[in-house]
Amino acid sequence: MSPLEHFTAALHPSAEEYASGRALASEVLPALRQHFGMLGDSGEDHLVAGSFGKRTAIRPLPPVDLYILLPGDRQIDPLAAREEVAMALDLGPSALADGWRVTAPLPGGLVAIAPCLRQGGVFLIPDPYGIGWRVSNPAAEIAAFRVMDQVQGGRLHRLLALVKAWLRHGGVPLATFAAEVLTREYLAEETAPRDLPGLFSGFLSWARRRTPAEFSLPGGQGGLFVDPAWHGHGEAAYWRCVLAERLDAAGEHGPATLEWRRLFGPQVPGPDGDPLALV
């Protein structure tokens with residue numbers, strides 16, 4: 001296994017880490033249920049969503065996304081709903097900073113709470129600007145991801161983990177949900193390389209050609225527009241990846257490792273097996 005493959009494998013959380021994330025999310029439920037007059041602990045009033053719900057999180061672990069289903073007879077705008085969530089948990093204005101969720105700091109980590117409404121079989125959650133509602137279909141998203149990952153023999157999971165590490169390390173202006181949509185579409189449209197470096201560079205080349213564009217979302221509920229703001233980062237990453245691959249092919253593994261680390265962070269192990277520190 002190459003250093004980059006070791007790095008990607010180490011990005012994936014364990015089953016215990018996923019279980020801990022779900023347990024962390026449950027800590028905010030009693031106060032929210034009391035505030036909103038929910039039905040109790042049936043489990044039908046909330047959903048662990050995002051990367052924890054889809055099991056696509058990477059280390060270091062992100063906040064746990066939690067959808068809170070408001071009682072069906074409530075008519076409320078997204079901002080007021082978020083303010084009520086913050087009030088129920090005794091959180092200050094800083095908890096509302098990310099625009100559509102409420103971030104609750106707990107001793108074990110962060111829980112990012114999105115108030116939501118049910119519309120048929122899907123959810124309405126605050127849009128990224130927090131001024132309106134948008135459709136979210138977590139069940140369809142999970143199914144679409146798992147089917148494609150199975151067809152691809154796990155390559156979608158590995159590619160998305162690597163793309164997320166690049167986004168995080170490089171401060172790339174591309175949302176992780178957009179990365180999920182793009183990586184899935186890439187493997188659906190292209191005969192992608194089998195090796196991990198080629199898979200990543202191939203994705204970057206394809207995604208720059210395919211955006212800006214709107215992509216259909218699983219479940220037939222609207223679309224996602226991906227703008228070209230990330231293209232400069234993508235082009236630079238593509239050529240750095242090409243350079244690293246050439247250095248590796250020439251046996252210059254140390255310089256290649258430095259290029260991989262510039263892309264993904266210092267946790268990429270060197271040819272001598274430097275230890276990882278991702279937890």
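This is a predicted model: local features need pLDDT of at least 70, side-chain atom pairs count only at pLDDT 80 or more; totals for chains, interfaces and linings use all residues.
W166 belongs to one aromatic cluster along with F7, F200, W230, W260 and F264. Across the whole structure, a search finds 11 aromatic pairs. In one of them, the ring centres of Y18 and F52 sit 5.7 Å apart with the planes at 80°, so this pair counts as edge-to-face. Y18 is in helix α2 and F52 in helix α4, so the pair links parts of the chain 34 residues apart. Both partners are tucked away: Y18 is buried at a relative accessible area of 5%, and F52 is buried at 4%. Another edge-to-face pair brings the ring centres of F200 and F264 to 5.1 Å from each other, with their planes at 70°.

Next come the strands. In β2, six of the six residues are buried, so this strand is largely enclosed by the rest of the structure. The cover applies to both faces, with V64, L66 and I68 buried on one side and D65, Y67 and L69 buried on the other. Strand β1 (residues 46-49) pairs with β2 in the antiparallel sense, over four bridges. Strand β4 (residues 109-119) runs parallel to β2, and six bridges join the two. L66 of β2 shows up in both pairings: V48 stands opposite L66, and L66 in turn stands opposite I113 in β4.

Charged side chains make their own links. Which residues pair up this way? A search of the whole structure finds nine salt bridges, and one of them joins the side chains of E17 and R59 at 2.8 Å, N to O. E17 lies in helix α2 (residues 15-26) and R59 in the loop between α4 (50-54) and β2 (64-69), so the pair ties together parts that are 42 residues apart in sequence. Both E17 and R59 are buried. R101 forms a salt bridge with D98, again with the closest N and O atoms 2.8 Å apart. Here R101 is buried at 18% relative accessible area, whereas D98 is partly exposed at 30%. K54, E141 and E180, meanwhile, are linked in a network of salt bridges.

R240 and E259 form a salt bridge too, with the closest N and O atoms at 2.5 Å. R240 lies in helix α10 (residues 231-249) and E259 in helix α11 (residues 253-264), so the bridge ties together parts 19 residues apart in sequence. R240 is partly exposed, at 30% relative accessible area, but E259 is buried, at 9%. E259 comes up again from another side, through A244. That residue lies in helix α10 and is buried, with a relative accessible area of 0%. Leaving aside neighbours within four places in sequence, A244 is in contact with A256, E259 and W260. A244 and P197 are 47 residues apart in sequence, and their C-alpha atoms are 8.8 Å apart in space.

Finally, there is T211, in the loop between α9 (196-210) and β7 (213-216). Is T211 buried or exposed? With a relative accessible area of 4%, T211 is buried. The T211 side chain reaches the backbone oxygen of A207 at 2.7 Å, and a polar contact of 2.8 Å joins the side chains of T211 and H231. Beyond neighbours within four places in sequence, T211 is in contact with L182, V226, W230 and H231. Among these, W230 is also a member of the aromatic cluster that includes W166.

Note on methods: Residues are numbered from 1 along each chain as its sequence is written. Side-chain values use heavy atoms; hydrogens and water are left out. A salt bridge is a side-chain nitrogen of Lys or Arg within 4 Å of a carboxyl oxygen of Asp or Glu. Buried means under 20% relative accessible area, exposed over 50%, partly exposed in between (1.4 Å probe, protein chains only). A polar contact is a pair of N or O atoms within 3.5 Å; within protein, one must be able to donate a hydrogen and the other to accept it, and residues adjacent in sequence count only if both atoms are side-chain atoms. Contact means heavy atoms within 4.5 Å. Two strands pair if DSSP finds at least two bridges between them. Rings of Phe, Tyr and Trp (its six-membered ring) pair if their centres lie within 6.5 Å; planes under 30 degrees apart count as stacked, over 60 as edge-to-face and the rest as tilted.
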